[in-house]
Every structure is written in structure tokens, then in C-alpha cells.
Amino acid sequence: MHVLILGGTTEARRLAELLHGTPGLTVTNSLAGRVASPRLPPGEVRVGGFGGAEGLAAWLREHQVDALIDATHPFAGTISFNAARAAATAHVPLLALRRPGWVPVAGDDWHEAASLEHAAELLPGLGERIFLTTGRMGLAAFAHLSEPWFLVRSVDAPDGPRPARTEVLLDRGPFTLDGEREVLRRYGIDVVVTKDSGGAATAPKLTAAREAQIPVVVVRRPAVPEGVREVGSPEEAARWLDQTI
Ligand code: NAP
């Protein structure tokens, strides 16, 4: 049996670890190739796009894939849409593994944004020293904001358009609460911008912002494609696989 995991997340790696060594099961992990030196999961690893939904469907057939698990980041909407189309075309069972989103608690000052562009619109009224944790790929949405100062944290250095007043902090989660408190203090941050990525690895910034009474702009995640079954943990995904193939 052959399972293809569309990865690039902590949950995808954890799932690969859970499945590793299962007798009779080949696990292929697929990475987009965005990060220069990714943490590699156990099992086979392939890197790079498939060439849209058609390319992915062809790959599923050619490699005789029995089940497809889309464990990509909740904000990786294109590949999830392609996975739904490809699975339907190639008649391969598909599961979406999405870590649950974050929910505000008492003391949080959250401002929901429908997109990165909407987040950029909200910023001028909220603060002047902005901690932008939405990743280097979406930086262009903020590039026109010339007044505020931005601390941009990303795994690899951003190379596209960016706001005029930007400092880059290269770092990769998981992050600690003490570390996040220190970032807010050292850089005099007065607004945090985040995607609703969910999970524990990047959540401490939310606690640090609550403690410091700093507003947080939270970008809502795109919906899982219609009709696709969704689970919230690698353990549930492993159970689904066991029952499916
Ligand atoms: P995206 O916009 O949904 O995908 C763009 C294209 O990248 C896809 O059409 C596909 O190319 C290729 N691709 C994406 N994920 C792939 C995978 N796992 N294996 C092979 N090809 C893949 O995705 P994105 O937002 O750029 O994210 C890219 C990767 O980074 C994802 O794997 C995701 O899990 C990870 N990631 C994303 C975020 C985020 O905030 N978006 C955060 C952390 C990690 P083809 O059409 O040619 O197949």
C-alpha cells in the first residue's frame, strides 16, 4: 500500500513518524520546496510542485497511490484545492489533516481579517511597531504601508516587495513564551499580525500579546474544499488510513 502525504507542516512530519515502519506501507512525503533546508520526515521524500491538479492526478496513478492525505498548512489553499480535484479524478480516497484554529480567550484583543490585504487595511488604526508573523510569501500585501515599522519574522529571508521600514528576524518555531515576551519588549511592538495557523508551536506570541495588552490581527484561514473529510490530529489521520486501505 502506498500513501502520499502532502506536507510541509509539523503535523505532516508527526503523521509520517506514526506511519513509519508499518509493515506493507510505503509513505511518500511531498514538500513544495519553499524552505531552503526543511526538517525532513521519515520515509520517501519528493520535493516540488506536481503541475496543478492534473499533474497530481497523474502522479497518483503513476505511483499507484492508495490514499492521499493533505496535511499542508491551513493557509496553503491552492494545493488543497488541487488535492481535492486530483483525488476525485484518480479515484483515490482523500483526507485533510488540519490542526484546529486558535480561539480567543478573556483578555485577548483580536481583530479578525479576511485576508492579508484586509489585515494591512486594519493596521493604521492599531499601532506603529508591527510584528508581522504571516511569512515572507505574503509580505507584498503590506508593502504599500510606508509609515509603520515592521519586524518581519520568517524562516528564510524575504526577497520580494516589502514595507519601506522593515527589519527581518530569521527564526523558525517552535517559539517559547519567554522568547516571545522578549521579542515584544526588545522591539517595542504594539501590534502583532498572524494567520490563524493553530497549533502549539507558534501560539506563545498570542499569550505574550495578551499579557502585554497588545492587539492582534488574526487572518482567518480558507475553508477545506467542499466534501473533503477533515481531521484535526495526526493520530486521527493514522486511524483513518488504517480503516481506509
Ligand atoms: P499553495 O499556495 O497552496 O500551493 C502553491 C503550489 O505549490 C501548489 O499549486 C503546488 O504546485 C505547490 N505545493 C504546495 N504544497 C506542496 C506540497 N506539499 N508538495 C508539492 N507541491 C506543493 O501553498 P503555499 O501556501 O505556497 O505553501 C507551500 C508549502 O509550504 C505547503 O506545503 C505548506 O504546507 C507549507 N507551509 C505553508 C504555510 C503558509 O502559511 N501558506 C506555512 C507553513 C508551511 P503545483 O500546482 O505545481 O503542484
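Predicted model: local features only at pLDDT ≥ 70, side-chain atom pairs only at ≥ 80, totals over all residues.
How many residues of domain 1 are in contact with how many residues of domain 2? Good morning.

The domain assignment divides the chain into two parts. Domain 1 covers residues 2-100 together with 223-244, while domain 2 covers residues 110-219. Taken over C-alpha atoms, the centres of domain 1 and domain 2 are 29 Å apart.

Now to the opening question. On the side of domain 1, 11 residues are in contact with domain 2, which contributes 13 residues of its own. Between domain 1 and domain 2, an area of about 880 Å² is buried, and carbon and sulfur atoms give 49% of it.

Let us turn to the ligand. Which residues are the closest to it? Among the 23 residues that surround the ligand, the closest are Gly-7, Ser-30, Phe-50, Gly-51 and Lys-195. By class, this shell has 13 polar, seven nonpolar and three charged residues. Two elements, β2 (26-31) and α3 (77-90), each supply at least two residues of the shell. The element that gives the most is α3, with four residues.

Some individual atom pairs can also be named. Ser-30 places a polar side-chain atom 2.7 Å from a nitrogen atom of the ligand.

As background, most residues other than glycine have a negative phi, and most peptide bonds are trans. Where does Gln-64 lie? Gln-64 is found in the loop between α2 (52-62) and β4 (67-70). Although Gln-64 is not a glycine, its phi is positive, at about 50°. The second detail concerns Gly-173 and Pro-174, which are joined by a cis peptide bond with an omega of about 5°. Pro-174 belongs to the loop between β9 (166-170) and α5 (177-186).

Thank you for your attention.

Terms used. Residues numbered from 1 in each chain as written. Heavy atoms only, no water. Near = heavy atom within 4 Å. Polar contact = N/O pair within 3.5 Å; in protein donor to acceptor, adjacent residues only side chain to side chain. Nonpolar A, V, L, I, M, F, W, Y, C, P; charged D, E, K, R; others polar. Domains from an automatic or database assignment. Contact = heavy atoms within 4.5 Å. Buried area = accessible area lost by both parts, 1.4 Å probe.
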